[in-house]
Amino acid sequence: MATLLERLTIPGSDDGRFGPLNLKNRVVMAPLTRGRAGVERLPNALMAEYYAQRAEAGLIISEATSVNEIGLGWNESPGIYTEAQAVAWQQVTDAVHAAQGLIFCQLWHCGRASHSLFHPHLGVPVAPSAIAIGDDQIHTPQGKMPYETPRPMQLSDIEQTIADYQRAARLAMLAGFDGVEIHGANGYLIDEFLQDTTNQRTDEYGGSVENRCRLLMQIIDAITAVWPACRVGVRLSPNGSFNDMGDSNPRALFLPLAQQLATKSLAYLHIMDGLEFGFHGNGGPIMLSELRSVYPGVIIGNVGYTRDLAQMRLSQGDADLIAFGRPFITNPDLVRRIEHDWPWAPSSDMRYWYTPGAKGYTDYAPYEACAKGAAMPEPALCHA
């Protein structure tokens, strides 16, 4: 029976270029957008400190990192589309490795979940079809704005995007990452191609499940020409409604997709199976056990996991790793808290999660400091 603190080895490449990844535990730090890269979108020393504080995780997956300029959709999030950005990321990967950690870079394109104010010289966002996000507004460099109707991508746009993913993967290698994760979840570009709520194309990228999966598969092929498949993960959100998503028949899409991904010998399949980001309601939630039946490789479960629920999923064999998001924000020593059964600091105060500077970012106290009564700057929360 696997436990959260048990090691896991992900095999290396067949040609021996990349050795196995030896994860010291089965706790994954989930991607967490934090908006600390500045308007230049360059990683910095503060970000290096933040990730190093959390390097006890068996694996860190970086915050979502844009593969090109038109894919931007969040204020002061980092990029990986220039050499300067790759060089800046090196201070982060060096800090994580110095703390004996492992870190993958999550490759991101926001698709329609963007706004022309992020890339005024490139115009409105791009997407598979001209369907705008119908709820809420987007935070832009000039404040909250309604979502725009995106421009449907031409075949030339798709070809360029695939090339941008490959270039970003190459730059991630230059930056010193241990691998990359393809963000195919949460209503961003790849997910928009996958789901029929956002994809109404009639060409080879629309209609059938095979066609809607084509872009993801071509991106995987482009990236695995740079990285071996054993260093490439994919993230999916079959149950989520975030960014106005919800395929009409999720099982007919995501189970065959997982079966197809099983042929790629990837490092892992990262599934956002929890419902805390919202549930689209189209059929019952897709469970990890269903995906396990068609995907025999490494599976990461994510969203809303407690220590007990995580251990249950591992014990049942439905997942091999469990990713924790918000708990890692306020608990930089989350692995030690799990190990010693210490209480977790609550993660309900979001006032400073996306603001510049150390407050709400690197100033959360480890449990042992709290237990000794250390005075920590607000909002450093110790424990409930």
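## Aromatic pairs

There are 11 aromatic pairs in this predicted model (rings of Phe, Tyr and Trp, the latter by its six-membered ring, with centres within 6.5 Å; stacked under 30 degrees, edge-to-face over 60, tilted for the rest). Take Phe-104 and Tyr-268: their ring centres sit 5.8 Å apart with planes at 35°, so this pair is tilted. It ties together distant parts of the chain, with Phe-104 in strand S6 (residues 103-108) and Tyr-268 in strand S13 (residues 268-272), 164 residues apart. Strands are DSSP E runs of at least two residues and helices are H or I runs of at least four, numbered from the N terminus.

## Helices H2 and H3

The axes of H2 (residues 83-98) and H3 (residues 155-174) come within 8 Å and cross at roughly 35° (lines fitted to C-alpha atoms over the stretch in contact, angles from 0 to 180 degrees between N-to-C directions). Glu-83, Ala-86 and Gln-90 of H2 meet Arg-167, Leu-171 and Leu-174 of H3, with contact meaning heavy atoms within 4.5 Å.

## The cavity

The largest cavity has a volume of about 40 Å³ (on a 1 Å grid over the protein atoms alone, points where a 1.4 Å probe fits but cannot get out; lining residues have an atom within 4 Å of a point). Its lining includes Asn-186, Ser-237, Met-272 and Phe-277.

## Ground rules

Residues are numbered from 1 along each chain as its sequence is written, and side-chain values use heavy atoms, leaving out hydrogens and water. Local features need pLDDT of at least 70 and side-chain atom pairs 80 or more, while totals for chains, interfaces and linings use all residues.

Methods: On a 1 Å grid over the protein atoms alone, a cavity is a set of points where a 1.4 Å probe fits but cannot get out, and a pocket is an open set with protein on both sides within 12 Å along at least five of seven lines; lining residues have an atom within 4 Å of a point. Grid points are joined across faces, edges and corners, and a volume is the space filled by probe spheres set on the points.
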